[in-house]
Amino acid sequence: MKHVRTTALLAAVATALLLSACGEEPGQAAPAAPTSAPAAPTSEPSESSTAAAAPAGDVTEPGTELKLGERAVVPFKYGTTKSGTIAITVTAIEQGANADLAKYGDKAKGITPYYLRATVENVDGADLAYSSISLRALGADGKSTGVIITGSTDRCKSGTAGKDFTSAGAKFETCTLQGAREGATVEAATFDKGDGYDKSPVVWKN
């Protein structure tokens, strides 16, 4: 009988140990939750990245036609190190007089100057300090006027971004000097820099 009681006691102890071991399994599973928990923070940068990329959907498509005073949002590169997103608003296409081109001498004979005025805004806060843009003129037929003229006049000064053109909302004014042969007119301004825009510019019409 003593032997039987000893055997029964050992069996009870073994059973208790087994139940104790089984009872630890839930405790061992608990650490698994923190292991999977970091997956949630991992998804947050992804959402943030998507949010940061959202403005790309607001970019004006190549080939878009706008009226004077309307805003085009375009990707922009300046030099080899600066890039960002800017908004261009062509505010006026003004006709000048041949006399405005006196400093160009005989090279300006028979040419009527046109002034393409615009406001440029930093959209995404990229460092675009000291950058500048240029526009091109189109004639009544929707084609280039065939006149190549650079520089500025007293009535049309080319503007450049200041050193503080590094935050969203920063702006500067500029004017691009263009020209047309006598008897022809400029009816539109275009922005044709960057991928896609070189073949299908954004156009502002009178």
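This is a predicted model: local features need pLDDT of at least 70, side-chain atom pairs count only at pLDDT 80 or more; totals for chains, interfaces and linings use all residues.
**Exercise 1. The overall fold**

Task: State how many helices and strands the protein has, and give their order.

Solution: 
- Step 1. Count the elements. There are three helices and eight strands.
- Step 2. The order is α-α-α-β-β-β-β-β-β-β-β.
- Step 3. Look at the contacts. Take those between residues at least 6 apart in sequence; 68% of them join residues at least 24 apart.
- Step 4. Check burial. Of the 206 residues in the protein, 32% are buried.

**Exercise 2. The disulfide**

Task: Find which residues the disulfide joins, and describe the link.

Solution: 
- Step 1. A disulfide is a covalent bond between the sulfur atoms of two cysteines.
- Step 2. Apply the cut-off. The two sulfur atoms must lie within 2.5 Å. C156 and C175 have an S to S distance of 2.0 Å, and a disulfide joins them. The count for the model is one disulfide.
- Step 3. C156 sits in the loop between β5 (136-139) and β6 (171-181), while C175 belongs to strand β6. The two are 19 residues apart, and the pair links distant parts of the chain.
- Step 4. Find the handedness. The angle about the S-S bond is -105°, and the link of C156 and C175 is left-handed.
- Step 5. Are the two cysteines buried or exposed? Both C156 and C175 are buried.

**Exercise 3. Two loop residues**

Task: Locate Y130 and T145, then describe each one.

Solution: 
- Step 1. Start with Y130. This residue is in the loop between β4 (111-122) and β5.
- Step 2. Read its backbone angle. Phi of Y130 is near 65°, which is positive in a residue other than glycine.
- Step 3. Move to T145. Its place is in the loop between β5 and β6.
- Step 4. Find a polar partner. A polar atom of the T145 side chain lies 2.7 Å from the backbone oxygen of G179.
- Step 5. List the contacts. Beyond neighbours within four places in sequence, T145 touches A137, L138, G139, G179, A180 and V186.

**Exercise 4. The largest pocket**

Task: Describe the space in the largest pocket and its lining.

Solution: 
- Step 1. Give the volume. The largest pocket holds about 290 Å³ of space.
- Step 2. Count the lining. There are 19 lining residues, and L135, I149, T150, L177 and Q178 lie nearest the centre.
- Step 3. Sort them by class. Eight are nonpolar, 10 polar and one charged.
- Step 4. Which strand gives the largest share? β6 does, with five residues. Both β5 and β6 supply at least two residues each.

Conventions. Residues are numbered from 1 along each chain as its sequence is written. Side-chain values use heavy atoms; hydrogens and water are left out. Helices (H or I, at least four residues) and strands (E, at least two) are DSSP runs, numbered from the N terminus. Buried means under 20% relative accessible area, exposed over 50%, partly exposed in between (1.4 Å probe, protein chains only). On a 1 Å grid over the protein atoms alone, a cavity is a set of points where a 1.4 Å probe fits but cannot get out, and a pocket is an open set with protein on both sides within 12 Å along at least five of seven lines; lining residues have an atom within 4 Å of a point. Grid points are joined across faces, edges and corners, and a volume is the space filled by probe spheres set on the points. Ala, Val, Leu, Ile, Met, Phe, Trp, Tyr, Cys and Pro count as nonpolar, Asp, Glu, Lys and Arg as charged, and the others, Gly among them, as polar. A polar contact is a pair of N or O atoms within 3.5 Å; within protein, one must be able to donate a hydrogen and the other to accept it, and residues adjacent in sequence count only if both atoms are side-chain atoms. Contact means heavy atoms within 4.5 Å.
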